Amino acid sequence: MSDHNDNAAAASELQGHAVSGRPTLEELKERKARSRRRLEHTGEVMTISMGPQHPSMHGVYRAELDLDGEVIVAVRPEIGNLHRGVEKLCEQRTYHQIIPITDRLDYLAGFVMNHGYCEAVEKLMGLEVPVRGRYIRTIAGELCRIANHIMWLGVHIMDLGTQTFFCICFRDREYVLDLLEMLTGARLTHSFGRIGGVAKDLPDGFAHRCRKAIDFLPQRVAEYERIVKHNRIYYKRAKGVGIFTSEDCFAWRVTGPALRSAGIARDLRKDEPYAAYDEVDFEVAVEYNADVYDRFLVRMKEIRESCKIIRQCLDNIPDGPFVARDAGRTLPLKKNVLRDPAAMIQDFYQVFEGPQVPKGEVYRAIEAPKGEMGVYIRSEGGAKPARIRFTTPSFYHGQAVPPLVEGEMISDMVAIFASIDVVLGDCDR
Amino acid sequence: MSAKAVSAAGKAERPLSATLAAAKMELEERFGTRLLGSAEFRGELTYTVAPEDWVEVLRFCKETPALAFDQLDCLLGDHLPERAAAPLQVVAHLLSHTRGHRLRIKTPLVEGRGLSTVTGLWPSAGFDEREAWEMFGIVFEGHPDLRRLLTTEDFVGHPLRKDFPLQGTVGGRIRTDLRGKI
């Protein structure tokens, strides 16, 4: 707690105004209005282009900035440089074949994308996932969340001007990626979800290695906080910068850590539980100042909570099947395909014909590391979706950049842009 | 197998949540026969409205306290060529943070007919409507900046329409006519 008091003292010293623990919405609006007041007296405007190759822009995002001196007057975001026509492609594939496409959306948290898609298809089919499958999904999803947040932290701090910390974060992310590789066979594009469960059971020795990693990671988070949280340069760059109140978040569909930093305890893992999240005990990370600094704090809390969730899953994971056995709708276990004639027939049927899905439309959203990720499927029956839409968080976060940065300084643009966490594969689809 | 089928069917007829049932009553009382159709599937509620009522219904959903849909979760276009009278469709997914329920509202559109924008209600519809325009050719009247979003500016056609070829209309093609001859 003493850390907080230090920070509060430093804030009033650095910024000339006292920082209360939980500002009201009106106070936040007032702070936001303070930066927007710079827009009232603009002189000559110069237009520059930031990105798509700017070293501090994440991926191929381009922003056309109108500047008055150092103040950003207007922003026009341009996305689409990484558009791959995912939704068109999905309409030509059976439901099983879409899974590897989904983890190319947000490639920093590939399994979460698989998971969201599989949840939507299972809702459409009315298919129950076995308990063990749900636990394995939770473990893999939380590992992805940790990897994503560590990566985010490294890149965010690099944007603010240091290289070394980026390497520290990448080294720690390797521990998580090694675990994911052990579990799924791939470091980034896992394609590990299956309709009705997951592709493989937990490998031998995974629980032991995973426990070691999740005992170790909270220490690393404490280390990050020692380096970043109390760093005066970071504090000055991040505190009170890029304020986005909860009302703004609703209006611009900004979700995830950015919404939780605005004092709203909204987390689909709690509010609309899926997988095994209703069977584990964890807290929703909430902060109240709605600025870049609090988004950092929220993500650090989330890494700790994710470790807690994984530990509980490893403790409580039951035995049993990890994927639903439903001959008409799921793939058989690969090891049985060349031994068991029934499994072989099922495999041929599922690969060539695809699963039989009822007519209807569903929308299912899950909590991806970057925000709420929804999948809309309209099915006309048969093995292919008639229309699929991935409602990815980065798409809306990229759109929300103008209201976030207008009135701020250009040097804060990269800090604010990083703080809402945009990945362009997720954004452009 | 039969037990599984029963549980799946039971899930299909999952009842609406209490808040959503209240929202349903409120909506049906207000609009009555102007709601062209409704469907319940897997605990989700869908209404079809006429394009003329689009903004009015969505505004009602946002501003009525019993509904309180403060967030537009997504808005998307769709193409149903088999429905010749109105082959296009716009679907909006609404979410209420305060009440925790979701609603889907859609409207059928004839070819060449525009739809009023909802960017005035939820600014987040801006990119969604631009995407629906470039992918399906649905014009949103009153949209502040209706340009192509994901494709290049000189792109021709609306790629998510069902009659648009998967391989595209420009660039290299796979010569299917030569299959078996060489």
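Reply: We go from ground rules to each chain, and then to the contact between them.

Me: What are the ground rules?
Reply: This is a predicted model, in which local features need pLDDT of at least 70, side-chain atom pairs count only at pLDDT 80 or more, and totals for chains, interfaces and linings use all residues. Residues are numbered from 1 along each chain as its sequence is written, while chains are lettered from A and ligands numbered from 1 in the order in which they are written.

Me: How many helices and strands does chain A have?
Reply: Start with the definition: helices (H or I, at least four residues) and strands (E, at least two) are DSSP runs, numbered from the N terminus. Chain A has 19 helices and 8 strands.

Me: What does the radius of gyration say about chain A?
Reply: It is taken over C-alpha atoms, and the globule rule is 2.2 Å times the number of residues to the power 0.38. For 429 residues the rule puts a compact globule near 22 Å, and chain A agrees because its radius of gyration is 22 Å. Along its principal axes, the C-alpha trace of chain A spans about 75 × 45 × 35 Å.

Me: Which share of chain A is buried?
Reply: A residue is buried if 20 or more other C-beta atoms lie within 10 Å of its own, exposed if 12 or fewer, and partly exposed in between; C-beta atoms are placed from the backbone. By that count, 51% of the 429 residues in chain A are buried.

Me: Which residues of α4(A) are buried?
Reply: Helix α4 (residues 95-102) of chain A buries A:Tyr95, A:Ile98, A:Ile99, A:Ile101 and A:Thr102. They lie on the same side of α4(A) because they cover an arc of only 165° around the axis. That arc is the one of the directions from the helix axis to the C-beta atoms. The cover over these buried residues includes α3, α5 (110-125), β4 (193-194) and β6 of chain A.

Me: Now strands. How do I read a sheet?
Reply: Two strands pair if DSSP finds at least two bridges between them. In a regular strand the side chains alternate between the two faces of the sheet. In chain A, 3 strands form an open antiparallel sheet in the order β1-β2-β3. Its edge strands, β1 (46-50) and β3 (71-78) of chain A, each pair on one side only. Strand β2 (residues 62-68) of chain A pairs with β3(A) over 7 bridges.

Me: What joins β6(A) to β7(A)?
Reply: A hairpin does, through 2 residues. The two strands run antiparallel, with 11 bridges between β6(A) and β7(A). A:Ala365 has A:Gly374 in β7(A) as its bridge partner. Next, β7(A) and β8(A) form a hairpin with 4 residues between them. 5 bridges join this antiparallel pair, β7(A) and β8(A). A:Val375 stands opposite A:Phe390 in β8(A). β7(A) is mostly covered, with 9 of its 12 residues buried.

Me: How many helices and strands are there in chain B?
Reply: Chain B has 4 helices and 7 strands. From the N terminus on, they run α-α-β-β-α-β-β-β-β-α-β. Of its 182 residues, 36% count as buried.

Me: In which order do the strands of the open sheet in chain B lie?
Reply: The order of the 5 strands is β1-β2-β5-β4-β3 (chain B), with mixed pairing. β1 and β3 (71-79) of chain B are the edge strands. Strand β1 (residues 35-41) of chain B runs antiparallel to strand β2 (residues 44-49) of chain B, with 6 bridges. B:Phe41 has B:Glu44 in β2(B) as its bridge partner. In this hairpin, which has 2 residues between the strands, B:Arg42 takes a positive phi near 50°.

Me: Where do the chains meet?
Reply: Count contacts: two residues are in contact if their C-beta atoms, placed from the backbone, lie within 7 Å. Here, 33 residues of chain A are in contact with 30 residues of chain B. On the side of chain A that touches chain B, β6(A) gives the largest share, 5 residues.
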